[in-house]
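Dear colleague,

I am handing over a structure for you to look at, and below it I have set out what was found in it. Please read the notes with the model open beside you.

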Amino acid sequence: MRAPSRFPEPSLTRLTVPAGALLAATLAALPLPDAGLWDALNRARPDPTPPQVAVVAIDQGALWDYGRLGVWPPELYTQVVATLLEAGAVGVGLDLPLEDLDAALAGTQAFPEAVLAVPAGRPLPAPRPGQRAVWGVDALNAGPGGLVRWGRAGMRETAGPVTPAFAALLAQQAGARWPPMAEPYLLRIPATPFPVIAFREVVNGAVAPGAVQGRVVIVGLTAAGAARVQDTAGRAMPAVFMQARAVQSLLSPPLTPLPAWAVVLGAMLVTALVTWARGLWGHAAAFGLLGLGAALWPAGVLFPGVTLSLCAVLGNTLVLLERQWTLRTAGRRDPLTGYGNRQAFNAALARRRSGGLILLDLSGFRGVNDRYGRAAGDAVLRDLGRRLGRYGRRGDRQFRWGADEFALLLNGVGQPDVARLAEALQAEVNELPYQDVVLRGNVGAAAFGPDIPTPQALVEAASRQRYLRKHALRKP
C-alpha cells in the first residue's frame with residue numbers, strides 16, 4: 001500500500017492572499033500620506049543644485065521711496081528689466097499684485113526675456129502690438145492646511161485651453177523643458193538661500209557683478225502686506241520665494257513619481273507576499289520600504305514608501321486575523337485530518353432537519369498501532385479520511401467522529417442518493433491492507449425522512465446500519 005501524503009493543515013491563506021491583494025489595490029488608490037515622507041526627505045536632503053534663481057525684493061524701503069505699487073510709473077518696471085538683462089540675467093519674471101497689469105507693465109512687454117505673472121482665475125491680457133514678452137499663470141498648488149508643496153507647468157480654466165505657468169515659462173528661458181502640463185511636480189528645497197537683491201539697488205544700477213549673471217530673476221513684493229504662503233515645514237514666506245523655488249525645481253534634476261499602475265501592482269504584491277509568508281515579516285518589510293524610499297530619493301524617484309509600508313502592515317494584520325481564527329476554531333477541529341471533531345459534528349448536526357449522514361469506521365485498526373506504531377496508524381487514518389472526503393460535494397462537511405470513526409454530513413440528498421454513495425464508498429473500503437494487517441471499512445448511512453425526523457434518530461439509523469454491516473463481515 002502506498003504511504004499517503006501528509007494531510008494538509010487547514011489554512012485561510014488561499015483566501016487571505018487574494019483578499020489582501022484586493023484591499024491593497026484599494027489602499028494604493030487612496031490619497032495616503034506619501035507626501036509627508038517626501039517632505040521629510042526634502043528637508044533632510046535639500047536640492048544640491050546651486051541656485052539658478054535670484055529674487056529682486058520690493059521691500060518696505062522701496063515702498064517708502066516710490067510709494068505704493070499702484071502709483072509707480074510703468075517706466076520704472078521697464079528700467080528694472082533692462083538693468084537686469086544688461087547684468088546678464090537670462091530671464092526676468094515680474095510677479096506683482098497690480099490691478100491693471102497690462103497698463104503697468106506695458107513697457108516690459110517689449111522684452112522677449114520677460115515673463116509676466118497673472119493670478120490664477122484672471123484672464124490673460126490681450127496681446128499688444130510688438131509684444132514679445134509672455135504671460136504665465138500662477139500655478140502654485142496649496143494643499144491641506146495651505147501648505148504649498150506642488151507646482152504645475154500649466155493650468156486649465158474651465159473648458160478653455162491650458163495656460164502655461166509663470167514658473168514654467170521662466171524656467172524655459174534658462175533652457176528647462178516643461179513637465180507634462182497636467183502632472184504636478186514636487187518643489188525642491190534649495191540647499192542654499194536664493195540671492196536677494198533690493199529693488200532700490202537695481203533701480204540705482206547697483207547690481208553686484210555676478211549677482212544675476214546666467215540666472216533667472218524674479219521681481220516680487222516682500223514688504224509687509226505681501227501675499228504669503230506656507231511651505232511644508234509650516235514657515236510663512238512671501239509668494240515670490242515660493243515662485244523662485246518652483247523655477248529652481250524645474251531647473252534641477254526631476255523628481256519622478258512612480259506610475260499609478262506600478263504603485264497598485266507593488267501594493268498588491270507586497271501584501272500578497274507578506275500574507276503568504278504567514279510570519280510576522282510585515283513589520284520588517286514596512287521599515288525596509290520606508291528605507292527604500294530614502295535610498296531612491298537621491299536618484300530622483302518619488303517612491304511611495306508610506307503606502308507600501310501600510311500594505312505590508314495590512315498583510316501582517318491578515319496573518320494575525322488568520323491565526324486568531326485558527327485558535328478560535330482549534331477546539332472544534334481534528335489536528336490529524338483537519339476535519340471537524342466530535343464537538344463540531346454535534347453542533348452542525350443539531351441544526352439539521354434535511355439531508356443525510358454517512359458513518360465510516362475501520363475494523364482491525366488496533367493491529368496497525370500494535371505492530372507498526374502510532375505513526376503508521378495516523379497514516380492509515382489520514383488515508384481513510386481522504387477517501388471519505390472524495391464523496392463529499394460542495395456544502396457537505398466531513399468530521400472525525402471517534403478514534404477510527406468518520407462522518408460525512410450531506411446536504412440536499414434523499415435516501416436513494418445516500419444509499420448509492422454509501423454503497424460506492426463501501427466497495428472502496430471493503431479491504432484496505434496495510435503491510436500484513438487486513439483492514440476493513442464499515443459504512444452506515446441514513447437520510448432524514450418520515451421515519452427519521454430528528455438528528456438523534458439519524459445518527460442511530462446510520463450507526464445501526466454500520467453495526468449490521470460490521471456483524472455481517474464477521475460471519476464466515
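Arg128 is partly exposed, with a relative accessible area of 33%, where buried means under 20% relative accessible area, exposed over 50%, and partly exposed in between, computed with a 1.4 Å probe on protein chains only. The side chain of Arg128 forms a salt bridge with Asp102, and the closest N and O atoms of the pair are 2.9 Å apart; a salt bridge here is a side-chain nitrogen of Lys or Arg within 4 Å of a carboxyl oxygen of Asp or Glu. Because Asp102 lies in helix 5 (residues 101–104) and Arg128 in the loop between strand 3 (114–118) and strand 4 (134–137), the pair ties together parts that are 26 residues apart in sequence. Helices (H or I, at least four residues) and strands (E, at least two) are DSSP runs, numbered from the N terminus.

Before going further, please note that this is a predicted model, in which local features need pLDDT of at least 70 and side-chain atom pairs count only at pLDDT 80 or more, while totals for chains, interfaces and linings use all residues. Residues are numbered from 1 along each chain as its sequence is written, and side-chain values use heavy atoms, with hydrogens and water left out.

On confidence, the chain averages a pLDDT of 88, and 95% of the residues score at least 70, pLDDT being the predictor's confidence in each residue, from 0 to 100. Over residues 1–10 the pLDDT is below 50, although this stretch has 18 contacts in the model beyond near neighbours in sequence, a contact meaning heavy atoms within 4.5 Å. Where pLDDT is low, the predicted coordinates should not be read in detail.

To return to the charged pairs, the structure holds 17 salt bridges. In one of them the side chains of Arg235 and Asp231 meet at 2.9 Å, N to O; Arg235 is partly exposed at 45% relative accessibility, whereas Asp231 is buried, with a relative accessible area of 1%. Another joins the side chains of Arg393 and Asp396, again with 2.9 Å from N to O, and here Arg393 is partly exposed at 39% while Asp396 counts as buried at 9%. Salt bridges that share partners also join Asp361, Glu405, Arg466 and Lys470 into one network.

Grid points are joined across faces, edges and corners, and a volume is the space filled by probe spheres set on the points.

The largest pocket holds about 900 Å³ of space. It is lined by 36 residues, of which Trp38, Trp150, Pro184, Pro257 and Leu302 are the closest to its centre. Among the elements that give two or more residues to this lining are helix 2 (34–44), helix 8 (239–251) and helix 9 (260–277). The lining divides into 26 nonpolar, five polar and five charged residues, with Ala, Val, Leu, Ile, Met, Phe, Trp, Tyr, Cys and Pro counted as nonpolar, Asp, Glu, Lys and Arg as charged, and the others, Gly among them, as polar.

A search of the whole structure finds one cavity of 30 Å³ or more, and the largest cavity has about 50 Å³ of space. Its lining includes Asp39, Asn42, Arg149, Asp231 and Arg245, and by class has four nonpolar, two polar and four charged residues.

Two further places deserve a look.

With best wishes

Notes. 1 Å grid on protein atoms, 1.4 Å probe; cavity = no way out; pocket = protein on both sides within 12 Å on 5 of 7 lines; lining within 4 Å.
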